[in-house]
Amino acid sequence: MSVKDITIFNNLTRTKEKFKTLEDGKVRFYSCGPTTYDFLHVGNARALVVGDLIFRILKTVGYEVNFVRNFTDVDDKIIERAKEEGVDPLVHSQKYIDECLKDMASLNLLPATHTPKVSDTMPQIIDMIKILEDKGFAYVVDGEVFYHVPLFKDYGKLSKKKIEDLQFGKRVEVDSRKKNPCDFVLWKPAKEGEPSWDSPWGAGRPGWHIECSAMAKTFLGPEIDLHHGGIDLMFPHHENEIAQSEAANGCTFSDHWCHNEFLNFGSEKMSKSLGNVITIRAFVETYSGEVLRHILSSVHYRSKMDWTKSIIERAIGEIERLHVFYKELMGMPRTDKESQKDFDQVVSTRKKMEEELSNDFNVPGATSELFSLIRYFNREYISNLGEGISEKLFSELISLLKFYSNATGLLYDNFDEMLGHINHARKSLCEASEKLTDEEVEKLIKDRKEARATKDWSRSDQIRDQLNEAGIVVKDNPDGTYSWHYK
Ligand SMILES: [Zn+2]
C-alpha cells in the first residue's frame, strides 16, 4: 500500500517538515504515557487523545505503525500513595493501570501496539544504564547513578536551553554529590519498604527518564521516527531521553518530535461548568467519553485550549449534528436519479479532509470540511427526504464517514446510542449550570434588593428569573427582611 505524504511540525527544528521514515511505509512511534498513582485528570486526557489521533492518521494515510505508549508504574508518587493506603506499590499502580485502560476505552483510544510497564522492563533499563556507565556518561555516588549532562554535546537541542543558563537556575537546589547541577538520576538506591530490583549498583529503582529510552529501544529499536508527549515533558524529560538514548546507542534517538499544548483550567468559567468533575472518569460519567474526545479534538494539538462551558456545549451540539446526519442518511430511500454535482462535492470534501489531516494532523480542519458538506446535504437532501439518494452517492458518503471515523475516532456506528449519550450530557450540563452556591444565591438576592431599592425593575426581574431557573424562591417579609428556599 502506498503512503500519502504528510507534514509534521518537528519541534527539533521548529519547522513544519515532510515526514520521512527510516523504513518505507513503516513508522516507529513512541508517546509518553501516564503515571498511574490515581485516576487521571481531564488535563491528562489531551496527550492521550492527541497520541491516538496521530496513531490513527498515520494508519489512515497508509503507514504500518508500531506504536508504544508506556505506563509509569514505579514512581515516587505511587510509592507515597501506596504507603498512605497501606498497599503494595505495584498492586496500587496496577489498579490504576486498569482504571486508566477503562478511561482510554471510553475515550475511544485504539490499543497501542505495545504498552510496557517500568516493572516489566527492568533488565533493559539496567542494561542501558550499564552502557552509559561503560561509555563514561554515568557515574556512581553511594549506590546512586547520575547522568553527566555536560558530556553530551547536543544537550538542549530540543528545548533550545543552554547548559550554562540551566546551571545558574539550578544553583539553589544543588545536590553536592552531582558533578554538575544539571546531572540527573538514572538509578537510586532502595529505601526501607520501597519496591526495589537488584542491579550492579545495589538494590534500587530507576529514575524517571531512563524508562522511555529503554522502552523505545526495546520495542522500536535505537532510532525511531516520531516521539510525542505533552509540552510540559519537553524539558527536562524529553531532553534527558535524547541525552540517554543518543549517548548509549550512538545514533539519533527520534527524527521528529511533536508536543501537544496544555488544557488551560485557569478560567473562572471552567470551575462553574465542571464543578468537582476533574477526573476523566467523573467527566465520562457526567458527559460521556465521546464529549471529552470531541472537545480535545476540536482544537489543533499545538494550540492552547481554554476549558469553558461553551466548549462542552459546542461539542455536544457537533456530536449531535454528526450522528443525526449519519442516522438520516442511513434511513434515506434510494433513487435512480444521479447527481454528478453532489457526487463531486463529496469527492472534493474527502480530498480536502485528507489534506487537512496530512497537514500536521489538522483534525479541526478536517471536521470543519465535513460540517460544510453536512450543511450542504442537510439543505439539499435531508429537508427533501421524499426524493431519496442514489446508491452511488450514498456509498461515497458512507465511505467518507468511515474514513473520518477511522482517522479521528469522532464518529460512531451506533448513532442511536450516541444520541442517547448526548441527551444525558445535555441534561448534566443543564444541572451543572443551574446549580448555584449559597453564597451566589445570597449575592443575587442582595443585588435584587438593591435593584428594587433603586426602582431598577428590569434588573430585579432578571435576577428573580435567574433564581427561579435555579429552583430558588425568595420570600420578601413585611419587615424588609427576606428568606429563600428551593422549590
Ligand atoms: Zn517519556
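Q: Before we look at this predicted model, which angles count as roughly antiparallel?
A: Angles over 145 degrees between two axes count as roughly antiparallel. The model here is a predicted one.

Q: How do helix 13 and helix 14 cross, then?
A: The axis of helix 13, residues 363–380, and that of helix 14, residues 391–408, cross at roughly 155°. The two axes come within 11 Å. Helix 13 and helix 14 are therefore roughly antiparallel to each other.

Q: Is that crossing left-handed or right-handed?
A: Helix 13 passes helix 14 in a left-handed crossing.

Q: Which residues meet there?
A: Helix 13 contributes Val-363, Thr-367, Leu-370, Leu-373 and Phe-377. On the side of helix 14, they meet Leu-393, Leu-397, Leu-400, Leu-401, Tyr-404 and Thr-408.

Q: And what is that contact like by class?
A: The contact between helix 13 and helix 14 has nine nonpolar residues and two polar ones, with no charged residues.

Q: Changing topic: how much space lies in the largest pocket?
A: The largest pocket holds about 910 Å³ of space.

Q: How many residues line the largest pocket, and which lie nearest its centre?
A: Its lining is made up of 36 residues. Pro-34, Thr-35, Asn-44, Asp-232 and Leu-233 are the ones nearest the centre.

Q: What about the classes in the lining of the largest pocket?
A: That lining has 15 nonpolar, eleven polar and ten charged residues.

Definitions and conventions. Residues are numbered from 1 along each chain as its sequence is written. This is a predicted model: local features need pLDDT of at least 70, side-chain atom pairs count only at pLDDT 80 or more; totals for chains, interfaces and linings use all residues. Side-chain values use heavy atoms; hydrogens and water are left out. Axes are lines fitted to C-alpha atoms, for helices over the stretch in contact, and angles run from 0 to 180 degrees between N-to-C directions. Helices (H or I, at least four residues) and strands (E, at least two) are DSSP runs, numbered from the N terminus. Angles under 35 degrees count as roughly parallel, over 145 as roughly antiparallel, 65 to 115 as roughly perpendicular and the rest as oblique. A crossing is left-handed if the near helix is turned anticlockwise from the far one by less than a right angle, and right-handed if clockwise. Contact means heavy atoms within 4.5 Å. Ala, Val, Leu, Ile, Met, Phe, Trp, Tyr, Cys and Pro count as nonpolar, Asp, Glu, Lys and Arg as charged, and the others, Gly among them, as polar. On a 1 Å grid over the protein atoms alone, a cavity is a set of points where a 1.4 Å probe fits but cannot get out, and a pocket is an open set with protein on both sides within 12 Å along at least five of seven lines; lining residues have an atom within 4 Å of a point. Grid points are joined across faces, edges and corners, and a volume is the space filled by probe spheres set on the points.
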